[in-house]
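Hi,

Here is the structure I promised to pass on. Have a look at it first, then read my notes below.

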Amino acid sequence: MLAKKPNVHGSIFQFEGQATVLYPGKGPCYRCLYPEPPPPEMAPSCQEAGVLGVLPGLIGVIQALEAIKLILGKGDTLIGRLLCFNTLTMEINTLKLKADASCPMCGEKPTIHQLIDYEEFCNLRAVHAA
Ligand SMILES: [Zn+2]
C-alpha cells in the first residue's frame, strides 16, 4: 500500500486457505479488512496451529494465477473479493470486500504513514534471542 503496488495476498490456517488482491486505489486494502494487527498470541505459527502440507501450494498457485492476470490485464481478478477454500469440504466461496471509509491506511483520514516494527510488536526479537 505504501509503495502503491498491488499485493496478491494469500493466507492459510489448518485446512483452509484464502486469497485476494489488494490493489491501492482499486479496492480495499489489508487494513480495511483488519484495522489492527492481532496480538501476537492470537496469531499462531503454522508449527503451533498446524497446516495441511499441500495447502500452501494450492493457495500459492491461485496467487501466481492472479499475478499473471494482473500483468496481462485479463480476466476478473480478486480485487475486492476474498476467495475462501475449505479443503475439508472442497467448497470454494468468494466474499465481496468493500473499502472502509474509516480505514487507518486508505480511508478519508489515514493515520498509518509508515511500517511498524513487527518484530518488536510480536516480541520476535526475544523469541529469536532465546
Ligand atoms: Zn484501507
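Predicted model: local features only at pLDDT ≥ 70, side-chain atom pairs only at ≥ 80, totals over all residues.

A term before anything else: I call two residues in contact if their C-beta atoms, placed from the backbone, lie within 7 Å. Residues are numbered from 1 along each chain as its sequence is written.

With that contact rule, and leaving aside neighbours within four places in sequence, Cys103 touches Cys29, Arg31, Cys32 and Pro35. Across the protein, take the contacts between residues at least 6 apart in sequence: 64% of them join residues at least 24 apart.

Now the overall layout. The protein has five helices and four strands, where helices (H or I, at least four residues) and strands (E, at least two) are DSSP runs numbered from the N terminus. Along the sequence the pattern reads β-β-α-α-α-β-β-α-α. Along the principal axes, the C-alpha atoms fill a box of roughly 50 × 40 × 25 Å.

On burial, I count a residue as buried if 20 or more other C-beta atoms lie within 10 Å of its own, exposed if 12 or fewer, and partly exposed in between, with C-beta atoms placed from the backbone. By that count, 18% of the 130 residues are buried.

Strand 3 (residues 81-86) and strand 4 pair in the antiparallel sense over six bridges; pairing takes at least two DSSP bridges between the strands. Arg81 stands opposite Lys96 in strand 4. Strand 4 (residues 91-96) lies largely in the open, because zero of its six residues are buried.

Four residues sit between these two strands, and Met90 in the turn has a positive phi of about 55 degrees. Met90 counts as exposed, with 7 C-beta neighbours inside 10 Å. Lys4, in the segment before strand 1 (7-13), also has a positive phi, near 60 degrees, in a residue other than glycine. Lys4 is exposed too, with 8 other C-beta atoms within 10 Å.

Cheers
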